[in-house]
Amino acid sequence: MMDKFVIRGGNPLLGTIKVSGAKNSALPCMAAAILTEDEVILENIPQVRDIETERKLLEAMGARVELGYGRAQHRTVIQCAVLSDPVAKYEIVKTMRASSLVLGPLIARTGMARVAMPGGCNIGGRPIDLHIKGLESMGATIAYDHGYLEARSPNEGKSPLRGAHIVFDKITVTGTEDLLMAAVLAEGETLFENCAREPEVTDLAALLIAMGAKIEGAGTSTIRVQGVSKLHGARHKINPDRIEAGTFLIAGAITGGDLKVDCCNPEHLGSLLGKLEDCGIKLDVGKDHIRVRSEGASGLKCADIATEEYPGFPTDMQAQYMALATQCDGTTTVTENIFENRFMHVQELNRMGANITVNGRTATVRGGTQLQSAAVMCSDLRASAALVLAALVADGESILDRVYHMDRGYEHLEEKLRGVGAQIRRMGEVFSKR
Ligand code: UD1
């Protein structure tokens, strides 16, 4: 049976909620272990489905991956001593598009990579043409064969990739990460321009540097890499998840709660915090925590957003922010600039009584509506988070179907929310009494 969430709205969230490690940092960092035969030890890995998928992906290539348990449950040890089968199979790639992150490190380490072409995705076309173009300028030859992309480094895979000057046509997060991992073992210098500046890129670069890579400028739009012939093992702690933190901040605000969002990095949340303050939400920002207080719907004002690359407003917070906008006084305009077709949550929010219209890349949210409980369907990771937020303030009991989308990226969500007073359970459990 597919899991469902049952959520009864109305409780303000009170207390302290902890943020896990960032899935989107953990995924490239796990792929980076391909670059060395030594052990790479990663701390603060979230226990979510995508990490499990990446484990399977690496193991199928011959890697040893130990996910910790008990007190070490967030530590993962990866050793790619031998990569007997440098292939990312379709069965895995189709469930997680970020599987294409193994392309760069595989070809850098073994001279060849066979990676299934990702299929269409719920949120727009999401091609990997920029990854491919970059590898080609580093001397790789690419062939397509039965739905697979086969890449080889120069000289039939016997010589290393060559450093190159790569200007990204468009800013891409995993594209920057993938090519960065290719460049660290290339011959000579690679100069990247128009790079993604997301904290996840910086996190990956920190790990690569700890492994012996020579990288300058990660976190800015220009990154310079001096290739080295070998990398060694390292230990690295993954950044806190800024999107999970942002989701909890909105959960606190939308329910009229008083919530301490702990173990986060407020520096990574600048644009969101600015908007929440514009909405009239009180924030006390500490070094590694943020306390959010609000009166709920009665005190919320509207503030428009437009998604942009970091440090702009993250597309991964757009759906959750829209749930908040339904509770704000006035009309909010939400513009999605990164992905086409990332408004699947709108229909479901409207089924819960929201008043949202979409015109191309722009959604108009007429706020101040009392949301009603309903049976709704999760369509992707962040859309699911928006539905959870809406259900937390809806009148009555909502049922969210297909929460496997949620499980891809939120660690123990229902337990964390229950710990601060939400009434949420997976189908089959009994509501905890507060
Ligand atoms: C990453 C994040 C995802 C987030 C997104 C944007 C991971 C695992 N996922 O996804 O959660 O929503 O960044 O912040 O980190 N594009 C191309 N050609 C390419 C690559 C991308 O045209 O070769 C386009 C995409 O279609 C999209 C835009 O570039 O319109 C940005 O995509 P990108 O930054 O690559 O997103 P991901 O790295 O897939």
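This tour moves through the structure one selection at a time and states what is found at each stop.

**Before starting**

The structure is a predicted model, in which local features need pLDDT of at least 70 and side-chain atom pairs count only at pLDDT 80 or more, while totals for chains, interfaces and linings use all residues. Residues are numbered from 1 along each chain as its sequence is written, and side-chain values use heavy atoms, with hydrogens and water left out.

**Stop 1: the ligand**

Select the ligand and the residues around it. The ligand is surrounded by 19 residues, of which the closest are Asp129, Thr172, Thr174, Asp316 and Ile338; a residue is counted here if one of its heavy atoms lies within 4 Å. An oxygen atom of the ligand lies 2.6 Å from a polar side-chain atom of aspartate 316. A backbone N or O atom of leucine 130 is 2.7 Å from a ligand oxygen atom, and a polar backbone atom of isoleucine 338 is 2.7 Å from an oxygen atom of the ligand.

**Stop 2: threonine 315**

Select threonine 315, in the loop between strand S18 (305-306) and helix H10 (318-325). Helices (H or I, at least four residues) and strands (E, at least two) are DSSP runs, numbered from the N terminus. Is threonine 315 buried or exposed? Threonine 315 counts as buried because its relative accessibility is 10%; buried means under 20% relative accessible area, exposed over 50%, and partly exposed in between, with a 1.4 Å probe and protein chains only.

Leaving out residues up to four places away in sequence, threonine 315 touches Thr307, Glu336, Ile338, Phe339 and Arg342, where contact means heavy atoms within 4.5 Å. The side chains of threonine 315 and glutamate 336 are joined by a polar contact of 3.0 Å. Such a contact is a pair of N or O atoms within 3.5 Å; within protein, one must be able to donate a hydrogen and the other to accept it, and residues adjacent in sequence count only if both atoms are side-chain atoms.

**Stop 3: the sheet with S2**

Select strands S2, S15, S17 and S16, which form an open sheet in that order with mixed pairing. Two strands pair if DSSP finds at least two bridges between them. Strands S2 (14-18) and S16 (282-285) stand at the edges with a single partner strand each, so one side of each has no neighbour in the sheet. On average, neighbouring strands of this sheet are turned by 15° against each other, direction ignored.

S2 pairs with strand S15 (residues 258-262) in the parallel sense over five bridges, and lysine 18 has aspartate 262 in S15 as its bridge partner.

**Stop 4: strand S13 and its partners**

Select strand S13 (residues 223-226) and show the side chains. Strand S11 (residues 189-193) pairs with S13 in the antiparallel sense over four bridges, with glutamate 189 opposite glutamine 226. Strand S12 (residues 214-216) also pairs with S13 in the antiparallel sense, over three bridges, and isoleucine 215 stands opposite valine 225. S12 and S13 form a hairpin with six residues between them, and glycine 217 in the turn has a positive phi of about 95°.

**Stop 5: helix H7**

Select helix H7 (residues 199-210). How far apart are its end C-alpha atoms? They are 17 Å apart, which agrees with the 16 Å that its 12 residues should span at 1.5 Å a residue; the expected span is 1.5 Å times one less than the number of residues. Among the buried residues of H7 are Pro199, Glu200 and Val201. Glutamate 200 has a relative accessible area of 7% and is in contact with Asn24, Ser25, Glu177 and Arg242, leaving aside its neighbours within four places in sequence. Glycine 212, with a positive phi near 105°, follows H7.

**Stop 6: helix H4**

Finally, select helix H4 (residues 103-110), where six of its eight residues are buried. The buried residues of H4 pack against several elements, including helix H1 (23-32), strand S7 (112-116) and helix H6 (173-183). Glycine 111, with a positive phi near 85°, follows H4.

Methods. Axes are lines fitted to C-alpha atoms, for helices over the stretch in contact, and angles run from 0 to 180 degrees between N-to-C directions.
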